[in-house]
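Hi,

Here is the structure I promised to pass on.

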Amino acid sequence: MREKTTRLFVAAAIAEACSWLALLVGMAVKYGPPDNEIGVKIFGPIHGALFVAYGLLVLAVARLHRWSLPVTALALACAVPPFATVAFERWARRRGLLRVTATPRRDLTRVG
């Protein structure tokens, strides 16, 4: 369960960032010369759902990996600026905060 939840968190972080991009493009089209709201109407709800999913997965992963309160708060705050969820995920991975299983130790004293 820990590995699956962690993978879902990573996927949600990437999907949330992609939905930000789609929403920003939709906003540019809405307020730009074409003056078409279809992008915002489509990608607004998608981004909202992924925003909520990311937040819930942050709470689940924080509990599973025993993140500190400041790390959890940072992960939640990263849902607000565009593309920050991916930056947080990479930062957390580099610091071992998303490690699923420890590497198995080999017992070199036993032969055979």
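**What I found**

T72 sits in helix α3; helices here are DSSP runs of H or I with at least four residues, strands are runs of E with at least two, and both are numbered from the N terminus. Before going further: this is a predicted model, so local features need pLDDT of at least 70 and side-chain atom pairs count only at pLDDT 80 or more, while totals for chains, interfaces and linings use all residues. Residues are numbered from 1 along each chain as its sequence is written, and side-chain values use heavy atoms, with hydrogens and water left out.

Is T72 buried or exposed? T72 is buried, at a relative accessible area of 10%. (Buried is under 20% relative accessible area, exposed is over 50%, and partly exposed is in between, with a 1.4 Å probe and protein chains only.) Setting aside neighbours within four places in sequence, T72 touches V58, L59, A62 and W67, where a contact means heavy atoms within 4.5 Å.

Now the chain as a whole. There are four helices and zero strands, running α-α-α-α from the N terminus. Of the 112 residues, 33% are buried. Among contacts with a separation of 6 or more, 64% are between residues 24 or more positions apart. The accessible surface is about 7700 Å², and carbon and sulfur atoms hold 65% of that. (Areas are Shrake-Rupley with a 1.4 Å probe; for residues, only the protein chains shown count as cover.)

Helix α2 covers residues 38-65, which is 28 residues. From first C-alpha to last, α2 reaches 40 Å, close to the 40 Å expected at 1.5 Å a residue; the expected span is 1.5 Å times one less than the number of residues. Its buried residues include Y54, L57, V58, V61 and A62. What covers the buried residues of α2? The cover includes α1 (2-31), α3 (69-77) and α4 (84-94). Just after α2, R66 has a positive phi of about 55°.

Rings of Phe, Tyr and Trp (its six-membered ring) pair if their centres lie within 6.5 Å; planes under 30 degrees apart are stacked, over 60 edge-to-face, and the rest tilted. By this rule there are five aromatic pairs. One of them is F9 with F88, edge-to-face at 6.5 Å centre to centre and 90° between the planes. That pair links distant parts of the chain, with F9 in helix α1 and F88 in helix α4, 79 residues apart. F9 counts as buried at 0% relative accessibility, and F88 is buried as well at 2%. W67 and F88 have ring centres 5.6 Å apart and planes at 70°, so this pair is edge-to-face. Here W67 comes from the loop between α2 and α3 and F88 from helix α4, 21 residues apart. Ring pairs link F9, Y54, W67, F88 and W91 into a cluster.

Last, the surface. L21, L24, V25, M27, V29, Y31 and F83 make a nonpolar patch of about 630 Å². Patch residues have over 30% relative accessible area and no salt bridge; like charges are joined within 9 Å, and nonpolar side chains (Val, Leu, Ile, Met, Phe, Trp, Tyr) within 5 Å. A salt bridge is a side-chain nitrogen of Lys or Arg within 4 Å of a carboxyl oxygen of Asp or Glu. Y31 lies in helix α1 and counts as exposed at 62% relative accessibility.

Cheers
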